Amino acid sequence: MKAAIIGGGVIGGGWAARFLLNGWDVAVFDPDPEAERKIGEVLANARRALPALYDRALPAEGQLRFTDDLADAVAGADWVQESVPERLDIKHLVLADLDRLAPPEAIIASSTSGFKPSELTDKGARCIVAHPFNPVYLLPLIELVGDAETCGRAQAILREVGFYPLHIRKEIDAHVADRFLEAVWREALWLVKDGIATTEEIDEAIRMGFGLRWAQMGLFETYRVAGGEAGMKHFMAQFGPCLSFPWTKLMDVPEFTDELVDLIAGQSDAQSGHMSIRELERLRDDNLVGIMRALKHSGSGAGGVVGAHEAKLAQEGMPVTLNRQIPQGWTDYNGHMNETHYLEAGSKATDRFMEMVGADAAYVARGLSYFTVENHVRYLNEAHAGDRLRAETRLLNGEGKKLHLFHTLLRGDGEVVATVESFLLHVDLGTRKSCQPTEAVQRALAEVAKAQEGLPVPDGAGKVGR
């Protein structure tokens, strides 16, 4: 698959990274002589952050190239993403060329945050809106607006690269999400202008409070919970009258004077000026990865999108049971991987092995599983955030109720960093007592044992299950 990115700014660079790290070839067209450097820096952040969301390996990275020929950029493209400046006259010129040059079956989409599809296409060019959110390589939401059939095809493609495509059925200025952001932004400008709060205090009010709730539940579900056992009707009855109070200046915009700009810029510099933009981006990405990984565990919000995408990622066959990037959250004050996460990596390798032999989520739902009785970890080498971590698993014993596994954890360079030996017993979840696995699982284990027959016993094995 090939994506053509037209415009290589912050948003265009994010699109390029998302497609590239999901195995697509990407061609970038941007007359800016700094485009290659800028996208290179965005891509460096994406390579650090996106794989850290997943416990499985993303596809092999596609090929990235830059071209100053628009026809060359879109030739053979399956997806063409326009991310030029937010001026309708410029977009009309670019979209007319894209309509003429791109393959007829290619989806042509605009990253516009405000223009409606009818405005983009009123000169005759074909186009839908595919509005992303920064950083595009991490945040899953894409607002799709336009022709229903084209949006349907776009949804299927975007899900394959880990997005959550939201089809907005009726076009409206600024779509859906930015209308909320605009309302909050207007209110924040008034609070600063009137001396009620500084930029830092406003940011703290969001990130220490409702921002955390919105990340997992959004707006209406948050308020449903706030209504207590009586639910949304009680919440509306209790707080509905507040809508008539003069609490906000939603429809009133402060005049954008030089004094207001200087006031906000000065407060922002005082708040965050000690960090470069790239440092702030990496801080943002690390925090997003941590939040989204927590949400992935529960299946809520953006984490549910990551989990669904991860389930589709291809996996190597036996004996590789783990292939992932080490996230920042797995490292400690010494700068290397913390000892608890070596055990976590071994646990995930055990889970994957169980899936391979049929003791998966459906098996657990039937009331059967393996419980860990004992682990033994050997720490042999350092591993750092961003390193690839692979587990190769040896079945030492899979007879009867016993499951005895030996995981060798290797860095991407092939260096062994640890071994995790695990001993498990098969359990009936109803009685919480050990029992024999099903015949299907026993057959699968026997096949693994036969395939590994004759292999030498791994160095250091035999510490557990004796």
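Helices (H or I, at least four residues) and strands (E, at least two) are DSSP runs, numbered from the N terminus. The structure described here is a predicted model, in which local features need pLDDT of at least 70 and side-chain atom pairs count only at pLDDT 80 or more, while totals for chains, interfaces and linings use all residues. Residues are numbered from 1 along each chain as its sequence is written, and side-chain values use heavy atoms, with hydrogens and water left out.

**The chain as a whole**

The chain holds 16 helices and 14 strands, and its C-alpha atoms fill a box of roughly 75 × 60 × 45 Å along the principal axes. Of its 466 residues, 42% count as buried, where buried means under 20% relative accessible area, exposed means over 50%, and partly exposed lies in between (1.4 Å probe, protein chains only). If a contact is taken as heavy atoms within 4.5 Å, residues 24 or more positions apart account for 69% of the contacts with a separation of 6 or more.

**Charges and salt bridges**

The chain has 49 positive and 67 negative side chains, counting Lys and Arg as positive and Asp and Glu as negative, but not His or the chain ends. The centres of the two sets lie 7 Å apart, the place of each charge being NZ of Lys, CZ of Arg, CG of Asp or CD of Glu. Side chains of opposite charge can pair when their charged atoms come close. With a salt bridge defined as a side-chain nitrogen of Lys or Arg within 4 Å of a carboxyl oxygen of Asp or Glu, the count comes to 31. Three of these pairs are listed below.

| Acidic residue | Basic residue | Closest N and O atoms |
| Glu41 | Arg37 | 3.1 Å |
| Glu355 | Arg56 | 3.5 Å |
| Asp99 | Arg126 | 2.7 Å |

Glu41 and Arg37 are 4 residues apart in helix 2 (residues 35-49), and therefore about one helical turn separates them. Glu41 is partly exposed at 29% relative accessible area, and Arg37 is partly exposed at 41%.

The salt bridge between Glu355 and Arg56 links distant parts of the chain, 299 residues apart, since Glu355 lies in helix 14 (residues 339-356) and Arg56 in the loop between helix 2 and strand 3 (64-67). Glu355 counts as partly exposed at 35% relative accessibility, whereas Arg56 is buried, with a relative accessible area of 18%.

Asp99 and Arg126 form a salt bridge that also links distant parts of the chain: Asp99 is in helix 4 (residues 88-101), and Arg126, 27 residues apart from it, is in the loop between helix 5 (117-120) and strand 6 (128-131). Asp99 counts as partly exposed at 26% relative accessibility, and for Arg126 the value is 26%, again partly exposed.

**Backbone details**

Most residues other than glycine have a negative phi, and most peptide bonds are trans. A cis peptide bond, with omega about 0°, joins Asn134 and Pro135, and Pro135 is found in the loop between strand 6 and strand 7 (141-145). Ala174, which is not a glycine, has a positive phi of about 70°; this residue sits in the loop between strand 8 (164-167) and helix 7 (177-193). Arg432 has a positive phi near 60° and lies in the loop between strand 13 (416-428) and strand 14 (433-434). At 56% relative accessibility, Arg432 counts as exposed, whereas Ala174, at 21%, counts as partly exposed.
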